[in-house]
Amino acid sequence: MPLSPFLDVETPITFKDQPGIQSAVFYTYIPLCNLECFQCHNKLSFDGRSGFISYEKLDNKLNQLKLLGVELIIISGGEPTLEKRLEEGLKFIKEKGFPVRIDTNGTVPGKIEELIRNKMVDGFALDVKIPIKNVYSDEEKERFKQILFSNKLENDEKMFWYVENLKKSVEKIKKFAKKKPLPLENYSQLTILRTVRYPLLTEKDIADIKAFAEATGIPHQLNSFYSVEA
Ligand code: SF4
């Protein structure tokens with residue numbers, strides 16, 4: 001049987017990722033990401049040995065997850081929107097009756113739009129990693145490039161590429177969240193914005209991110225930062 005686009009690794013089951021909803025997390029190829037975030041846990045903990053799970057094994061796994069009461073499948077990575085066979089994998093999961101949330105860094109708005117148009121997704125967790133503004137001081141640019149690329153000397157253009165794409169993705173997700181009927185009973189919202197409280201962010205940065213998120217009308221979740229070295 002052919003291989004799916006998801007890694008053949010242990011599947012975490014969590015109530016925390018989507019608060020109150022028992023969810024299982026699948027991963028696309030972890031090194032496939034266009035950012036190099038400061039201490040990316042997924043990349044740093046991926047040993048590179050895992051291959052992709054076959055559709056046969058995925059089918060069995062989804063049946064087991066259903067028996068365990070899992071209600072939602074979360075797709076993480078890497079950056080799932082860069083995975084060429086993502087839709088094929090999502091279709092398989094959705095045909096098994098699961099709603100799907102995609103965790104994304106928001107840098108590929110065209111793919112987000114395509115997933116929405118093709119009704120491949122029920123929600124997004126979109127990371128807003130830095131304050132979204134038009135102008136940044138040199139000091140801010142250094143800190144934010146360190147967050148996004150683990151390199152404060154990265155090209156400024158690359159930082160603005162992130163900011164512009166993120167804004168476009170937020171606009172698309174905002175419209176989608178307003179229209180999308182809720183796929184689960186008693187469920188409030190499958191689409192969220194998320195921010196990791198990187199030590200490189202100041203309290204003022206966090207306040208700016210919160211204000212940006214609030215203006216979108218999409219719920220915002222602030223997550224603690226855990227050092228990979230801890
Ligand atoms: S976007 Fe996600 S997967 Fe990519 S480097 Fe950042 S934290 Fe890691």
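Select glutamate 83 and display everything around it: apart from neighbours within four places in sequence, glutamate 83 is in contact (heavy atoms within 4.5 Å) with Pro5, Thr28 and Leu32. The model is a predicted one, in which local features need pLDDT of at least 70 and side-chain atom pairs count only at pLDDT 80 or more, while totals for chains, interfaces and linings use all residues. Residues are numbered from 1 along each chain as its sequence is written, and side-chain values use heavy atoms, with hydrogens and water left out.

Glutamate 83 sits in the loop between β5 (72-76) and α3 (86-95); helices (H or I, at least four residues) and strands (E, at least two) are DSSP runs numbered from the N terminus. Does this residue have a charged partner, or none? Glutamate 83 is buried yet has no salt bridge, and the nearest side chain of opposite charge, arginine 85, is 4.2 Å away. Here buried means under 20% relative accessible area, exposed over 50%, and partly exposed in between (1.4 Å probe, protein chains only). A salt bridge is a side-chain nitrogen of Lys or Arg within 4 Å of a carboxyl oxygen of Asp or Glu; Lys and Arg count as positive and Asp and Glu as negative, with His and the chain ends not counted. Now show the backbone of arginine 85: its nitrogen lies 2.8 Å from a polar side-chain atom of glutamate 83.

Continue into helix α3 and select glutamate 88. Glutamate 88 is partly exposed, with a relative accessible area of 39%. Leaving aside neighbours within four places in sequence, glutamate 88 is in contact with Leu3 and Tyr55. Serine 4 is 84 residues from glutamate 88 in sequence, but the two are 7.9 Å apart in space, C-alpha to C-alpha.

Next, turn to the interior. A nonpolar core is a set of buried Ala, Val, Leu, Ile, Met, Phe, Trp, Tyr and Cys residues joined through side-chain atoms within 4.5 Å. Among the 51 residues of the largest one, Phe26, Leu62, Ile73, Ile75, Ile93 and Ile130 touch the most other members. Helix α6 (residues 156-179) gives the most to this core, with seven residues. A second, separate core has nine residues, including Ile21, Val25, Leu72 and Leu190.

For the aromatic residues, rings of Phe, Tyr and Trp (its six-membered ring) pair if their centres lie within 6.5 Å; planes under 30 degrees apart count as stacked, over 60 as edge-to-face and the rest as tilted. The count comes to nine aromatic pairs. Select tyrosine 29 and phenylalanine 46: the ring centres are 5.9 Å apart and the planes at 90 degrees, so the pair is edge-to-face. Tyrosine 29 lies in the loop between β3 (23-27) and α1 (41-45) and phenylalanine 46 in the loop between α1 and β4 (52-54), so the pair ties together parts that are 17 residues apart in sequence. Tyrosine 29 is partly exposed at 33% relative accessibility, whereas phenylalanine 46 is buried at 15%.

Finish with the backbone. The peptide bond from glycine 77 to glycine 78 is cis, with omega near 15 degrees. Lysine 119, in the loop between α4 (109-117) and β7 (123-127), has a positive phi near 55 degrees although not a glycine.

Technical notes. A polar contact is a pair of N or O atoms within 3.5 Å; within protein, one must be able to donate a hydrogen and the other to accept it, and residues adjacent in sequence count only if both atoms are side-chain atoms.
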